[in-house]
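Hi everyone, thanks for coming. Please bring up the viewer, and we'll walk through one chain together.

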Amino acid sequence: KLFINLLLTRYKADLCGKLSGSSDKMKKLQSRLAEGGKVGGQKVDGSAAFPKSQDFFKTFIVISQNYALNKHLTDHLVTKIKKLDEQTRAWFTDSIDLDQSDLQEDFNWNTLSLQLLAKFLGLVW
């Protein structure tokens, strides 16, 4: 859960152009991964498919090469995707009292979150 929450938080910060208060810790982790980012003797490089902070999480998954971690992430990613999907569907089926602009903003964030989570589910699956 922590991994997914950090992923979504960093993604939202990237979208807003802001860094969270723990950016120093994140920078240290990113530099450690960049220095030791080798798998099978080959340097792991980021691709356009995983921009900004997403590359850190991708590199972490690739370097760890851990079946238990990937299984755990898969289970939590699927759970989070289902939860967001149900929430999004509920907005269209239930009568809710939200301002149209709030609804649009929440819908946009859910859609972006679903895309991001599906991308990482594809990586670990």
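This is a predicted model: local features need pLDDT of at least 70, side-chain atom pairs count only at pLDDT 80 or more; totals for chains, interfaces and linings use all residues.

Residues are numbered from 1 along each chain as its sequence is written, and side-chain values use heavy atoms, with hydrogens and water left out.

The chain has 5 helices and 2 strands, taken as DSSP runs (H or I, at least four residues, for helices; E, at least two, for strands) numbered from the N terminus. Along the sequence the pattern reads α-α-β-β-α-α-α. Of the 125 residues, 30% count as buried, that is, under 20% relative accessible area with a 1.4 Å probe, protein chains only.

Now the pair. Helix H1 (residues 2–16) packs with helix H4 (residues 67–93) at about 55°, their axes 9 Å apart; the axes are lines fitted to C-alpha atoms over the stretch in contact, and angles run from 0 to 180 degrees between N-to-C directions. Phe-3, Ile-4 and Leu-8 in H1 meet Leu-73, His-76, Leu-77 and Lys-80 in H4, where contact means heavy atoms within 4.5 Å.

Finally, which helix holds Phe-120? Phe-120 sits in H5 (residues 100–124), and it counts as buried because its relative accessibility is 0%. Beyond neighbours within four places in sequence, Phe-120 contacts Leu-7, Phe-50, Gln-54, Phe-57, Lys-58, Ile-61 and Leu-77. Gln-54 is 66 residues away along the chain, with 9.2 Å between the two C-alpha atoms.

Key:
Buried means under 20% relative accessible area, exposed over 50%, partly exposed in between (1.4 Å probe, protein chains only).
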